[in-house]
Amino acid sequence: MLGQSYFQLIGPLIFVVFSFGFGLVWRYAPDIRAIPYFALSYFLGASAMTGDFFRNAMDPVVAMYVINPLYIATAVSFCAGLFTFYSGRVPWKPLALQSLAILAALSWFKFGHEDIVMRTMVMNTGAFVLFGYAAVGLRRQMTRLVDRILQTVVMINAVQLLLRTLVVLWFERSTLTESNYADSVAALSLHFAVSVAALALAGILFVMFGMEIVANLTKTSETDPLTGVLNRRGLNARVAALPAEPPNATAHVVVLADIDRFKKINDRHGHEAGDRIIGHFARLLGCTARDDDFVVRWGGEEFMVVMPGADIAMARLYAESVRTAFEGLRHDCIGGEAVTASFGIAAWSAANPIAEAARFADRALYSAKRAGRNRVCVHGAGRPDEAARNAVA
């Protein structure tokens, strides 16, 4: 009995520890919305296993309608966490219907046809269905290696719940009763298997959450908080990832964009209005860019757009489309007035520092400003003054 009690008590302890651990992670990573579901799942699991330990002290009907729903809620909460993490939404209706079906079957085999063996089968088969539903339903979202490992462990846990129960009940069904269930091989093997699965699943989940936290920290450190585009640190990381020689010997292109007369906007309407204008411009730059392009807040109201594998003609078309669209906007924050922007373009090879291309693009941008603003100039179209005169013409 002492050995049996040990296994029945170590399980709840494992679940409580991990529930507390998930709670701590959630405190420092509240943006990962799935964590509370996993914390709740492990807490409910601890409650269910503790209830199993005291099953013999309860009325059989009370025990059935307290402990079994706790086990079901444990599985449902865990599945809800998986769906939240991978798809952002929980299919509550299917999960609720499966749970109600399990409870209905339990009630039948208690009051319609008393059979504890079948109730045990119903509970474990129900858990198999719930976990299998989540693992199979999310198979297209679980694409990384760590996701596949988690999916495999969830499926192994689901299958063992079914197969282990079949094997145990094959040998124990003739001796299993309501009074000896708490100390039966079926109950003890369940606690042991679930505890091992809980350890494995929690370990994988903590790794995943750690990866998410690191990714979020990296994203935060490499993006501009006002606009959400890259900052200079993010630019350096993206540039370092580009191949030294672009595919098909095609040059890259750098576009510098600057909002015209931005200081007057701040002076007349305040910095909050200026920030909103910057945000509008950044979104337009990002929405118009290609998937491989990346937008960088270069400083203040100035932005850089790096276009890998693009040519000057493509960059000019991009800049003109942004310029035209931005000019056509009317901004409520400045009384419905329009704002314009100027653009400078320069070719760039990844073999050279991007700062060199930025200097050339800046010269072209200066030409656009001197020519009257709200225009696109390309470095190399002539000397800056000549480029300005050509742009005016």
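Helices (H or I, at least four residues) and strands (E, at least two) are DSSP runs, numbered from the N terminus. This is a predicted model: local features need pLDDT of at least 70, side-chain atom pairs count only at pLDDT 80 or more, and totals for chains, interfaces and linings use all residues. Residues are numbered from 1 along each chain as its sequence is written, and side-chain values use heavy atoms, with hydrogens and water left out. Y65 is found in helix α3, which spans residues 60–87. An open sheet is built from 5 strands, and the structure holds 13 salt bridges.

**The sheet**

- The strand order is β2-β3-β1-β4-β5, and the pairing is mixed. Two strands pair if DSSP finds at least two bridges between them.
- At the edges lie β2 (294–299) and β5 (376–378), each pairing on one side only.
- On average, neighbouring strands of this sheet are turned by 20° against each other, direction ignored. Axes here are lines fitted to C-alpha atoms, for helices over the stretch in contact, and angles run from 0 to 180 degrees between N-to-C directions.
- Strand β1 (residues 252–259) pairs with strand β3 (residues 302–307) in the antiparallel sense, over 6 bridges. Here V255 stands opposite V305 in β3.
- β1 also runs antiparallel to β4, joined by 8 bridges. In this pairing V254 faces A346 in β4.
- β4 and β5 pair in the parallel sense, over 3 bridges. I345 stands opposite V378 in β5.

**What covers the sheet**

- Helix α12 (residues 354–370) lies across β1, β2, β3, β4 (341–348) and β5. The helix runs at about 145° to β4.
- β4 is mostly covered, with 7 of its 8 residues buried. Buried means under 20% relative accessible area, exposed means over 50%, and partly exposed lies in between (1.4 Å probe, protein chains only).

- L161 is found in helix α6 (residues 145–172). Its relative accessibility is 5%, so L161 counts as buried.
- Leaving aside neighbours within four places in sequence, L161 is in contact with N124, A127, F131, L190 and V194. Contact means heavy atoms within 4.5 Å.
- L161 and N124 are 37 residues apart in sequence. In space, they are 5.5 Å apart, C-alpha to C-alpha.

**A nonpolar surface patch**

- V61, Y65 and F111 make a nonpolar surface patch of about 270 Å². Patches are made of residues with over 30% relative accessible area and no salt bridge: like charges are joined within 9 Å, nonpolar side chains (Val, Leu, Ile, Met, Phe, Trp, Tyr) within 5 Å.
- Accessible areas come from the Shrake-Rupley method with a 1.4 Å probe; for residues, only the protein chains shown count as cover.
- Y65 has a relative accessible area of 36%, so this residue is partly exposed.

**Salt bridges**

- A salt bridge is a side-chain nitrogen of Lys or Arg within 4 Å of a carboxyl oxygen of Asp or Glu. The structure holds 13 of them.
- The side chains of R144 and E212 meet in a salt bridge at 4.0 Å, N to O. This pair links distant parts of the chain: R144 sits in the loop between α5 (116–137) and α6, and E212 in helix α7 (residues 185–222), 68 residues apart.
- R144 is partly exposed at 29% relative accessibility. E212 is also partly exposed, with a relative accessible area of 24%.
- K369 and D258 meet through their side chains at 2.6 Å, N to O, in a salt bridge. This pair, too, links distant parts of the chain: K369 in helix α12 and D258 in strand β1, 111 residues apart.
- K369 counts as buried at 18% relative accessibility. D258 counts as buried at 10%.
- The side chains of E337 and R268 form a salt bridge at 3.1 Å, N to O. Distant parts of the chain are linked here: E337 in the loop between α11 (312–327) and β4, and R268 in helix α9 (residues 262–269), 69 residues apart.
- E337 is partly exposed at 30% relative accessibility. R268 is exposed, with a relative accessible area of 57%.
- K110, E114 and R119 are linked in a network of salt bridges.
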